[in-house]
Amino acid sequence: MANDVGVSSVERLVGREAELALAAAAVRELGAGRASALAIEGEAGIGKTRLVQSIVGDARSRGADVFWGQGHPFERTRPFGLVAAALGVSRRSSDPRRAAIGSLLSGVGGGTPPHAVGDVQYRVVDEIVDLVETSCAERPVLLVAEDLHWADSASLLAILSVARQLPLAALLVVVTARPSPLPADVARLLDDLAAGGARGVRLEPLTSDDVVVLAGQILGASPGPTLSAMLAKAGGNPLWAVATLRALAAGGMLRRAEDVVEPTTFELPSSLSDLVIRRLRHLPRATLELLQVTAVLGDAVSLRDVAAVANRPPAEVVAQLREAFDDQLLDENDDRVVFRHQLVHDAIYQHVPLPSRRLLHREAAVALMAAGANPLDVADHLMLGAEPGDEEAIAWLRDAAREASATAPPVTVELLARAEALLPDGHSDVDPLAAEMVQALLRAGQVAEASARAEAVLGRQHAVELDIPLRLALLGALALQNRAAELIALVQTSLDSAPLGPAEQVLMLAQQSWALTYADDRRAGETAAVRALAIAEEAGDAAITVWALTALLVAVGREGRYGEALAHARRAAALAAGSPDTRTLPLQPRLFLGLALHDCDLVDEARAAYREALDDEFGSRLWLSETLMADAQVSFVIGEWEDAVPRLIAGGEAAQEKGNPLLISQSLAYRTIIATAKGDHRAAGELASGFRDLLQDERLSYNAGILAFAVAGLEAAEGDRRRAYDLLLRCWRLDAARENRYYHRCLAPDLVRLALALGHRDVAAEAAGTVAEGARLAPEVPTVRSLALRCQGLVDGDAEPLLEAVALARRTRLLIEHAGACEDAATVLAEGGRRKEAAALLAEALERYEHAGADAWARRVRAQLRPLGARPGARGSRKRPAHGWESLTATERAVSQLVAEGLTNSAVARRLYMSPHTVNTHLRHVFSKLGVSNRVALAAEVHRAAG
């Protein structure tokens, strides 16, 4: 029967009312200047792209900029491929910023210093975040990343960073993915987006009624019972249903019967793939061959590449593909040939026999490389097309791995793994390739695998020239895993047996020193560092001298010899500043100088050193989380708690990104102390729950002192002095056994006070004696001497040492040491009848507590003042209005003013020496206090306040 039924080319979304409503709400939020994210999941052909097209159209109608990128098969080895395409990043871009990022992407490779590998990746991410933020300041931005299941790992990192770092921008992030199977890094991204508040949209198959409506839309008439039953075989997949209708119509197998449409055949392909393959039967052989070549190259490829691989003139390729365009298998998008749908691509690709596919991939790699393609652009073809023993492919894969090492370390691992699989057993390159893999695994953060690989090679016969590099790599991996005993043994074995030069000896001894110091053998740690320094000085090598000095300052600092540590730190920083070669070291001498200055109570100098370090770390990130945390601790110890909290949060977030549990727990501990001091025990308990279990471990971490101080303070505040005492005593005993005085200044006062209150005078006297020994090691540090005087004064009930302790503490800016010394002295003075002096010291402590906002501690002091007859005013902590410009802190105002000037979060962060995370935290507070929802409204408020 002749076909009297046409099909419409217009398809409206059917059965997606709830999803469309959710998407429309997200676009409205974008128009209002608020950030949000949508994660759309669904099987191939289910309608993800159609929903995205609806979102894009809505956003554009509201004046938003749209950045739209898509993952493609065979491109997971191209770092930042998806994001670069979405943002138009290219060296050839007319926009200088995009061109600069493109140059950064293409201008790095194997020449990057080992410690800096991965730093370029983060630099690119920072530039991408900054670019998106700048765009958001001009108008709302919709960032779309389709088909994440094919995206490269660097693009995934960039997408997550944009979403995390711009929660207050006019930004809507939309991602799509097939639900299964998902690569692990894609699954992590979706989980992280969800944790950050992204709304999930799961596109389920259409109902049978929706399929009928869709068919009616396509046909212009309702499908009859037979056709409806036939369409039900599509399983609710709209693409399959529409493709079935188009195939039946094209074959003249539909007829109109009264008000419905029915098929003239009962034969139907069992899958969409079969449906596509049937359509291929009618194509000329030359067209089919070119379609297969195109499918092997990907789902969106340039005609030049197709011509190069097919070895045909471009004009001939265009002519021979014409029928595929006419048959709606192919379409055009800018300068690329694209398959009408990925399922069409997949069907044609899978229809090519596996041996032929492999050969085509190999030929594609050769042709593209001959045409000047970057090794990374053809690496997927090499991995899919090379046969075992293909040495040319192995060499190309190793070259591509070196290209990827700076911008995408995980890609390097994937490429080298394929190269290893191609290499025959016993080949001379087995060992060199294994060594490259160890380094790649380290750079990618796969530390356990790196150490296992290095141990395996070192445990068998291997190339002599690789022995020392592998040992050094293994040392780094063991250090990152806190496997101190194995590290110490490896260094000793290496020093005894391997022919090491001065640099290798110093690097090994420095690592051994740190391991020994943190493994409770501080004296041996110092001995190793002294030996390293002697070797470095004899060699006259500034770079390795910095290593040795850093190890030595850590060893002597943990013992409490803070003045010596500072001298070593100053020398290391001076050497680093005057010796360019030290820049190749994975150290940050200004950070270690700041830590040593801090230990000597020189907090203003410490902050200056940290901020000099931050100037470097914003570019490299190697020590960024440590430097941010150290800078936050300065704000904490001097009582600038309004500033400290957002900085501590940012330091913790940076530590979370880096995977540093010690710094994460430290951030939580300091915030617990602040919450306890403010009287918010509920918040303090929630924060402490993030690290309390660490204090139950048989072996405590080396930062247990600050964790114990935080939890014990909360326990005591809630009335359980016994538990507080037991916790402090356990940490004290462990530190005493390993001669670690680092946390004495926070542990000893509370321990002595609680020991005396609970009748353990012997413990109090023991602690006082120990801190007195510490004072002899660092007499130049005011709070160390003040600590010894405080503890002894409390044990003896003698006010004079306590008054001297107060005088010493006043010479510093440290809140807890100063106010605590005042309280301790006041207690003993009051007991001795010196009420007026006691009241004066309590008033001094009260002023410090109120200035910091430590309301609960201030109430404690007021309670002590009342029996003394003192009646301090009811000023309380510095109370600002809850809302309006006057409610902002000084830092919040500074952030607001810079944002009003048009600076991005990254630029504000650099100007104020904080991280973009900290800027976001401040902006959240500012938006809430001022009642604004975007940066434009904030700028208006800033200008109004200035006028």
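Student: Which strands does helix α1 lie across, and at about what angle does α1 run to β5?

Tutor: This is a predicted model, so local features need pLDDT of at least 70, side-chain atom pairs count only at pLDDT 80 or more, and totals for chains, interfaces and linings use all residues. Residues are numbered from 1 along each chain as its sequence is written, and side-chain values use heavy atoms, with hydrogens and water left out.

Helix α1 (residues 17-31) lies across β1 (36-41), β3, β4 (171-177) and β5. Its direction is at about 150° to β5. Helices (H or I, at least four residues) and strands (E, at least two) are DSSP runs, numbered from the N terminus. Contact means heavy atoms within 4.5 Å. Axes are lines fitted to C-alpha atoms, for helices over the stretch in contact, and angles run from 0 to 180 degrees between N-to-C directions.

Now the sheet itself. Five strands make an open sheet in the order β2-β3-β4-β1-β5, and the pairing is parallel. Two strands pair if DSSP finds at least two bridges between them. The edges are β2 (65-70) and β5 (199-202); each has a single partner strand, so one side of each lacks a neighbour in the sheet. On average, neighbouring strands are turned by 15° against each other, direction ignored.

Strand β2 is joined to β3 (residues 141-146) by six bridges, and the two run parallel. D65 stands opposite V141 in β3. Helix α2 (residues 48-61) lies across β1, β2, β3, β4 and β5. It runs at about 165° to β3.

Three strands form an open, antiparallel sheet in the order β9-β11-β10. Its twist averages 35° from one strand to the next. Strands β9 and β11 (residues 336-339) pair over three bridges. S302 has R336 in β11 as its bridge partner. Helix α13 (residues 303-310) lies across β9 and β11, at about 75° to β9.

Last, the packing. The largest nonpolar core has 262 residues. Such a core is a set of buried Ala, Val, Leu, Ile, Met, Phe, Trp, Tyr and Cys residues joined through side-chain atoms within 4.5 Å; buried means under 20% relative accessible area, exposed over 50%, partly exposed in between (1.4 Å probe, protein chains only). I128, L148, L171 and W641 have the most contacts inside it. Helix α26 (residues 542-559) gives the most to this core, with 10 residues.
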